[in-house]
Amino acid sequence: MTRESPSPRRPAPRPSAGWARGAFLAMALLALLALWHAGASAARPAPAGAPSIAAILWDWTPAILKGFAANVGISLASALFATVLGTFVGIGQLSLHRPVRWLCWLFTHLFRNAPWLVLLFYCMLLLPFQVRVGAWVVPIPDWVKAVAGISIAAAANMSEIVRGAIQSIPTGQWESAASLAFSRTQALWMIVLPQCVKRMLPPWMNLYALIMVSTPLCAIVGVSEIMTVAADILAANARHDLLMPVYLYLLVLFFLYCYPIAVLTRRLERKFAIAG
Amino acid sequence: MSTHSVAAPASASDDFIIQCRDVRKSFKGVEVLKGMSLDVRKGDVVCIIGPSGSGKSTFLRCLNGLVPVDGGTVVAAGHAVHDPGVDKLALRRRVGMVFQQYNLFPHRTVLQNVMMAPVHVLRQKRAEVERRARALIRKVRLHGKEDAYPGELSGGQQQRVAIARSLAMNPDVMLFDEVTAALDPETVGEVLVTIKELAAEGMTCILVTHEMGFAREVADCIYFTDGGLIVESGPPAAFFSQPKDPRTRAFLERVL
């Protein structure tokens with residue numbers, strides 16, 4: 001027993017995830033950026049004729065946003081593939097056929113426990129730069145290989161989300177479907193999986209946010225995206241005081257994109273916790 | 001379609017819809033059914049009663065193949081259920097089942113719950129199925145609840161939807177697995193009335209139940225199970241007034 005039991009009505013403190021707090025953090029990051037700028041220019045006034053940090057960032061903003069769009073694109077494509085692939089692998093983990101079940105289990109646990117960067121390198125180095133389909137030569141650009149690498153890692157996580165959701169549906173649902181002469185496949189797709197969607201949505205959104213924040217890894221394997229643009233800015237200006245503001249700027253962008261997803265996820269989780 | 005799942009040899013057994021001989025089933029080395037035999041004629045109402053853990057629910061599940069039997073024979077609606085190659089889907093089109101926990105599909109409305117199997121399993125025309133489904137919902141006295149979701153209904157109402165859903169397949173025989181055990185006392189009656197009406201219309205019903213008054217009133221035959229065996233059976237009047245076996249007497253003394 002605790003010495004002083006808290007009032008049962010007092011809600012348990014929960015991690016902050018409100019819009020207000022998010023907006024506050026975004027403002028704080030932007031303020032930090034501004035402070036840095038002010039401090040840097042006060043400490044070491046820009047040489048005559050050299051543009052201010054703010055001006056440089058402003059000039060590069062279109063390029064930065066274009067780079068960010070590449071990250072968003074890679075994340076969306078990866079999420080799509082990972083969702084489709086992961087759904088089938090997750091279902092496969094519960095297959096009645098032992099070889100299917102075993103293969104899907106292997107895929108899931110092999111790639112779920114592999115560092116994403118390692119998978120990215122594998123895909124970069126193992127996939128050909130083009131494939132020949134009959135008379136056609138289809139090139140495989142680097143970003144497609146990157147999507148493949150991220151998709152495999154994310155699909156392994158998706159597989160576990162799907163398996164967990166299916167197993168959380170009471171066996172009575174399978175039994176009543178069976179006693180109405182539904183086949184196992186019909187029961188899965190018409191009765192069990194539709195009930196899983198609601199349960200899978202919050203973890204799925206979590207996974208998407210994870211995919212998004214992992215996309216800068218693509219820069220390491222040579223895909224142009226926001227980190228490439230950042231490197232370009234630094235190379236073009238050759239100024240040490242630019243280093244922190246540029247990366248802080250990227251931080252703010254990712255935060256503004258991913259944080260709303262986190263808020264929405266928590267809201268859905270709470271809603272489903274009540275609705276059951 | 002399996003060639004094994006043909007009708008039982010035609011003989012005097014023609015009007016039996018269920019025939020079980022020496023049904024055995026073990027779970028993890030524990031023998032739950034130790035050789036149960038039971039025959040049910042078309043149109044009969046059979047109640048299986050007995051203490052918890054006596055194997056009555058397991059036995060009921062053997063009849064539509066939800067639980068595969070280890071030994072003995074089960075022939076239901078012309079299908080050899082004990083045969084591993086039995087066409088389970090064909091069997092279950094003829095044998096309906098209602099569960100203790102209703103097991104309605106929570107993401108579908110009442111009407112959709114009733115319509116799903118005829119539309120997707122029997123591939124009947126949607127308009128015709130809907131007409132029949134609405135009639136069935138009226139029959140179980142849930143007119144006006146067609147668009148409600150199961151979560152919005154009381155236990156008794158949900159159980160009546162489950163009965164309508166099963167009836168929509170036009171089964172030859174209905175299995176009821178302790179369908180009133182999870183209900184509030186005040187809603188037990190409405191479900192029993194629905195089953196009674198079904199029985200009066202000539203539907204073959206096999207019930208596992210703890211409702212002794214209901215069993216006495218509606219059943220054509222009562223089976224008493226204990227320890228995985230059928231200890232005693234007979235028409236309700238004789239069964240309740242002159243139980244022969246000491247185990248039956250002890251059980252009836254406890255529950256009546």
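**Ground rules.** I number residues from 1 along each chain as its sequence is written, letter chains from A and number ligands from 1 in the order in which they are written. The model is predicted, with local features needing pLDDT of at least 70, side-chain atom pairs counting only at pLDDT 80 or more, and totals for chains, interfaces and linings using all residues, while side-chain values use heavy atoms, leaving out hydrogens and water.

**Entry 1, rings.** I searched the whole structure and found nine aromatic pairs over all chains. Rings of Phe, Tyr and Trp (its six-membered ring) pair if their centres lie within 6.5 Å; planes under 30 degrees apart are stacked, over 60 edge-to-face, and the rest tilted. I looked up Phe255(A) and Tyr259(A): the ring centres are 5.0 Å apart and the planes at 20°, so this pair is stacked. Both residues lie in helix α10 (residues 243–275) of chain A, four residues apart, about one turn of the helix. I take helices (H or I, at least four residues) and strands (E, at least two) as DSSP runs, numbered from the N terminus. Phe255(A) is buried at 17% relative accessible area, and Tyr259(A) is buried at 16%. Buried means under 20% relative accessible area, exposed over 50%, and partly exposed in between (1.4 Å probe, protein chains only). I also noted a cluster in which ring pairs link Phe68(A), Tyr208(A), Phe254(A) and Tyr257(A).

For a charge over a ring, I need NZ of Lys or CZ of Arg within 6 Å of the ring centre and within 35 degrees of the ring normal. In chain A, Arg184(A) lies over the face of Trp174(A), 5.1 Å from the ring centre. In chain B, Arg165(B) lies over the face of Phe105(B), 4.5 Å from the ring centre.

Which residues of α6(B) are buried? I listed Thr187(B), Val188(B), Val191(B), Leu192(B), Thr194(B), Ile195(B), Leu198(B) and Ala199(B). Among the elements covering the buried residues are β3 (45–49), α4 (126–139) and α7 (212–218) of chain B. After α6(B) comes Gly202(B), with a positive phi near 100°.

I found 19 salt bridges over all chains, each a side-chain nitrogen of Lys or Arg within 4 Å of a carboxyl oxygen of Asp or Glu. Glu160(A) and Arg163(A) form one at 3.0 Å, N to O. Both lie in helix α5 (residues 142–168) of chain A, three residues apart. Glu160(A) is buried at 14% relative accessibility, whereas Arg163(A) is partly exposed at 23%.

In chain B, Arg94(B) and Asp172(B) form a salt bridge, the closest N and O atoms being 2.8 Å apart. Arg94(B) lies in helix α2 (residues 88–94) and Asp172(B) in the loop between α5 and β7, so the pair ties together parts 78 residues apart in sequence.

Glu190(B) is partly exposed at 26%, whereas Arg160(B) is buried at 7%. Last, I noted Glu175(A), Arg61(B) and Asp177(B), linked in a network of salt bridges.

Key
Contact means heavy atoms within 4.5 Å.
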